[in-house]
Amino acid sequence: MYDNPAAPAAAGLGSGTLAMTGAGDLFWFALAAFALVALGMAVKRIVPVRGGKS
């Protein structure tokens with residue numbers, strides 16, 4: 001099982017090929033957008049709100 005380097009080599013080749021196609025860029029843009037939205041929501045929860053709105 002550990003003497004056969006075919007499986008790790010195939011996994012490395014597959015991930016490198018995905019990065020070279022540009023299909024991975026969409027994933028990173030979506031991940032960055034999600035992180036920015038989450039950051040904005042976290043900051044919104046931290047900032048105090050005035051309580052005189054009743």
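## Helix 2 and Leu31

Leu31 lies in helix 2, which covers residues 23–46. The model that shows this is a predicted one. With a relative accessibility of 37%, Leu31 counts as partly exposed, because that class lies between the limits of 20% for buried and 50% for exposed.

## The chain as a whole

The chain has 54 residues, and 2% of them count as buried.

The accessible surface of the chain is about 5200 Å². Carbon and sulfur atoms account for 73% of that surface.

One of its members, Trp28, has a relative accessible area of 54%. Trp28 therefore counts as exposed, since the limit for that class is over 50%.

## The aromatic pair

One aromatic pair is found in a search of the whole structure. It is formed by Phe27 and Trp28, whose ring centres are 5.1 Å apart. Their ring planes stand at 70°, so the pair is classed as edge-to-face; planes over 60 degrees apart fall in that class.

Key:
Residues are numbered from 1 along each chain as its sequence is written. This is a predicted model: local features need pLDDT of at least 70, side-chain atom pairs count only at pLDDT 80 or more; totals for chains, interfaces and linings use all residues. Side-chain values use heavy atoms; hydrogens and water are left out. Buried means under 20% relative accessible area, exposed over 50%, partly exposed in between (1.4 Å probe, protein chains only). Accessible areas come from the Shrake-Rupley method with a 1.4 Å probe; for residues, only the protein chains shown count as cover. Rings of Phe, Tyr and Trp (its six-membered ring) pair if their centres lie within 6.5 Å; planes under 30 degrees apart count as stacked, over 60 as edge-to-face and the rest as tilted. Helices (H or I, at least four residues) and strands (E, at least two) are DSSP runs, numbered from the N terminus.
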